[in-house]
Amino acid sequence: MEKMEPKRLVTVTKALTADELANSVCFPFEQLAYDATHAYEPPAAAAAADALALRDAPIALANLARLRRAPRASIANLRRAADDDALLTDLRALTASGSAGAPLLVDATLPAEGRNLAALRKLSESYGMHVIATAATALPAERIAQLDYEEREALLLALVSELSEGVDHGGVRVRAGALGRVRLGAQFEPALCALLVDAHRQTGAPLLCELPAVPLHRADAMAAEACAQVSAMVEAGARPERLLIAHAQHALLPSASPLDASVDGLRGLLRLGVS
């Protein structure tokens, strides 16, 4: 199958050259509209009444600290519709910011999180911004590891098709322009990663990876583990300059001052040539 042109980025409306994006501000790991309420988890050791109150409360400054400790304990934090007032307000402000180029947002939402390609295209057209959708599989990682050769090839073909041909929505085809997501660190899933790397090799599409949140004393060990995993991906044929590592702040190491963290945990990844 013919590779996608590596110097063009595929958005939900069209393919763009680097020159066309020269003045665009890029937001490389966003989730515009999603629904991950299936992943709801009440906060550990919380009283039933407190857990219920947090579950149904809106996101606000008063409960922000609790949400950071238990991000899956709030329905409002796990779901956002494409017509959400706060989202639309943010998009209006973003596109009216006076930048010379239209903003570029990479939407990392997965099918299991309610990815909606038609909604992404509508938001892109309505607000004059470029949106890159993520091609992904809804199949659990443990099931991918059990696939036989023909089943795996069919799944790989479906991913490549999302990138090269798109998905039909009411007679309009919407293409994804990135692949994802590979979770690095302790939650690394080898079978899923291998599948995504194969699709990346066939298409040249950027591959989204993410670093997990860990306690500060574990940041260096997590970064070393992530380096080994990314190195294996590169050895398997992934192009390091097209591997996008999100949540890099989780690899920062603690220092004497909490406002002066060290970047040592990131250097190994950067030496591999990733973004």
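Hi everyone, and thanks for coming. One thing before we start: the model you see is a predicted one.

Let's begin with the sheet. Three strands make it up, it is open, and their order is β3-β6-β7. The pairing in this sheet is parallel. Which strands sit at the edges? They are β3, covering 26–30, and β7, covering 130–132, and each of them pairs on one side only. If you compare neighbouring strands of this sheet, they are turned by 20° against each other on average, with direction ignored.

Now look at one pair in particular. Strand β6 takes in residues 104–107, and three bridges join β6 to β7.

Next, the nonpolar cores. The largest nonpolar core has 50 residues. Which of its members touch the most other members? Those are Leu-32, Leu-179, Leu-207 and Met-233. There is also another core, apart from that one, with 10 residues, including Leu-16, Phe-29, Leu-104 and Leu-208.

Let's stay with Leu-32 for a moment. Leaving aside residues up to four places away in sequence, Leu-32 touches Leu-87, Leu-91, Leu-105, Leu-120, Leu-123, Met-129 and Val-131, among others. Its contacts also include Arg-80, Asp-107 and Thr-109.

On to the cysteines. How many disulfides does the model have? The count is zero. Cys-193, for example, is in no disulfide, and the nearest cysteine sulfur to its own belongs to Cys-209, 6.9 Å away.

Last stop: Ala-158. You will find Ala-158 in helix α7, which spans residues 149–164. Ala-158 has a relative accessible area of 39%, so Ala-158 is called partly exposed; that value falls between the 20% and 50% cut-offs. How far apart are the C-alpha atoms of Ala-158 and Ala-135? They are separated by 9.2 Å, while along the chain the two residues are 23 residues apart.

That's my tour, so please go ahead and ask me things!

Terms used
Residues are numbered from 1 along each chain as its sequence is written. This is a predicted model: local features need pLDDT of at least 70, side-chain atom pairs count only at pLDDT 80 or more; totals for chains, interfaces and linings use all residues. Side-chain values use heavy atoms; hydrogens and water are left out. Helices (H or I, at least four residues) and strands (E, at least two) are DSSP runs, numbered from the N terminus. Buried means under 20% relative accessible area, exposed over 50%, partly exposed in between (1.4 Å probe, protein chains only). A disulfide is a pair of cysteine sulfur atoms within 2.5 Å. A nonpolar core is a set of buried Ala, Val, Leu, Ile, Met, Phe, Trp, Tyr and Cys residues joined through side-chain atoms within 4.5 Å. Contact means heavy atoms within 4.5 Å. Two strands pair if DSSP finds at least two bridges between them. Axes are lines fitted to C-alpha atoms, for helices over the stretch in contact, and angles run from 0 to 180 degrees between N-to-C directions.
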